[in-house]
Amino acid sequence: MNGRVTKLVLEHLSLSGPLDEQSLNQLDQLRVLSFKNNSLSGQIPDLSGLLNLKSLYLNDNNFTGEFPESITSLHRLKTIVLSGNQITGQIPASLLKLKRLYTLYLQDNSFHGTLPALNQTSLRFFNVSNNQLHGQIPVTPALVRFNLSSFSGNIDLCGEQIGNPCRTINLGPAMSPIYPNSSSNPTSKKHSRLIKIVIVSCIGGLALLLISVFLVRFISKRRRGKGKENDVKSKGVVSVEGVEGGGEALDGGGGGSGGMRGNNGGKQGGFWEAEGLGSLVFLGTGDQQMNYSLEDLLKASAETLGRGTMGSTYKAVMESGFIVTVKRLKDARYPRLEEFKRHVDLIGRLRHPNLVPLRAYFQAKEERLLVYDYFPNGSLFSLIHGTRTCGGGKPLHWTSCLKIAEDLATGLLYIHQNPGLTHGNLKSSNVLLGPDFESCLTDYGLTIFRDPDSVEEPGAATFFYRAPECRDIRKSSTQPADVYSFGVLLLELLTGKTPFQDLVQEHGSDIPRWVKSVREEETESGDDPNSGNEASEGKLQALLNIAMACVAIAPDNRPAMREVLKMIRDVRAEAQVSSNSSDHSPGRWSDTVQSLPRDEHLSI
């Protein structure tokens, strides 16, 4: 009687006929609804009863009618896939009410009218191609990132995003009179000839002037060209010197332009590609390439987000308002170019809800930049520790710990399923919070870019996340070492303590007692993260057991991430059975994230 349906997935089953509105709306705890790749028909029913729905997949069926307005009232909805149907009418402006919208696929339908000015900064995947849309594509931060592949097949669309500027008709007073049949009006003919003569004369004069200027400049350059040829080649690389304060520009050319630019007088795009010094390479399979260029990136204003052993990370705000995260690698000459390209292409293909996607990279003589999506909700470190720089925060409630642990284990397992790949640098500052505050891994797979001859050691906190066998910087990362780091991170969630010392060596088999004492201190101070009942104690003990298994000294004694994820899901399943609260414990989780500061530029 306490059971509930959270997912209904009926795909590739040749189902036909209409959907039953009454039956579907009884599933008020539904998170995922998928009927994709069937032969369902009729109008999409009113789904306003599915208030907890997050993902809707109705693609590749025979649905007709207009866009279901009821969908736009589902405030938790993140993914809408209606592609491959026969839906008509306009795309409603009420989609703007879906503040968490992440994916909107409406391609291969019969939508007409204009596009609404979608402005959700959470929107990452978008496609309305092969419809009957017309008019100008709105220039909003949400839509400006997508290029022609998201809009193709709509012959009457125009806009900057697709390189088809919209034409405007000027009917101002300066125009000549319009006659019903101007070809038969003699005054019009004379007036037309006179205009043509003036235009031809102006063009001829302008051409002579340009030729003269060109010859003067050419002769002048010939006299100085050879002396400066080598100097131009030596300076034709990206120079993004580190900045210390927020809001400054990454400007290697002396500043003043407000841009993240090189030393070529502000003409980055053409110069870079013409000289073969590097270009922006987009990654991923099946994604639309982001609609910005190398020039846009280099002109972006930027502020420092952090510095580490791998390099510096910046928040880059382009002139269009689009924001990305740029990591500037410290060891720009290691590894060799071909190995670098091969490995970046490998990690650039990874796409998972719990990974921050790597979108593009730039490679030049002495510069390597990696471009990621920007996550405005901050890091897991900030969630645990707030603004405290000492790394001391408050332990999270066990429901929050379970949710975060499952997110991280799911993402880490996905990485480990790719042969030879590891995260290599798992810590709370390398976990970002997504649009729905899901935990997403970043900076994965980058340890191969570290110079093996480097003598620089990481800070204490970073050092003690690492497994004992991988603390020598010259040792390669392994999957069992990732499992150890995961165990340390789980202890950080449970205690609010950053590992400034070796937890295993310091506390040994007494780690459970230490964790319990830390949480009891919080209870005595008036903040009870355990809720003071036996059920909470049981879940905490289960999480501790998982953490202890992960931080085993011997790598062979640690479970694989598949086993870790299964243990976490078993604990969550048991918690669902023994509790009337939802599986995500929205009350507790919203309490946890409510106090987080939002990015001043973006809101979700």
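## Helix 9 and its ends

The structure is a predicted model, in which local features need pLDDT of at least 70 and side-chain atom pairs count only at pLDDT 80 or more, while totals for chains, interfaces and linings use all residues. Residues are numbered from 1 along each chain as its sequence is written, and side-chain values use heavy atoms, with hydrogens and water left out.

Helix 9 covers residues 479-495 and has 17 residues. Helices (H or I, at least four residues) and strands (E, at least two) are DSSP runs, numbered from the N terminus. From its first C-alpha to its last, helix 9 reaches 25 Å, close to the 24 Å expected at 1.5 Å a residue; the expected span is 1.5 Å times one less than the number of residues.

Buried means under 20% relative accessible area, exposed over 50%, and partly exposed in between (1.4 Å probe, protein chains only). At the N-terminal end, Thr-478 caps helix 9, with a side-chain oxygen 3.2 Å from the backbone nitrogen of Ala-481.

## An aromatic cluster

The structure holds eight aromatic pairs. Rings of Phe, Tyr and Trp (its six-membered ring) pair if their centres lie within 6.5 Å; planes under 30 degrees apart count as stacked, over 60 as edge-to-face and the rest as tilted. One of the pairs is Phe-126 with Phe-146, tilted, at 5.5 Å centre to centre and 35° between the planes. Phe-126 lies in strand 10 (residues 125-127) and Phe-146 in the loop between strand 11 and strand 12, so this pair ties together parts that are 20 residues apart in sequence.

Phe-126 and Phe-151 form a tilted pair, with ring centres 5.7 Å apart and planes at 55°. Phe-151 also lies in the loop between strand 11 and strand 12, so its pairing with Phe-126 in strand 10 ties together parts that are 25 residues apart in sequence. Both Phe-126 and Phe-151 are buried, and Phe-146 is buried at 0% relative accessibility. Phe-126, Phe-146 and Phe-151 form one aromatic cluster.

## Asn-147 in the loop

Asn-147 is placed in the loop between strand 11 (132-136) and strand 12 (156-158). Asn-147 is buried, with a relative accessible area of 17%.

Terms used. A polar contact is a pair of N or O atoms within 3.5 Å; within protein, one must be able to donate a hydrogen and the other to accept it, and residues adjacent in sequence count only if both atoms are side-chain atoms.
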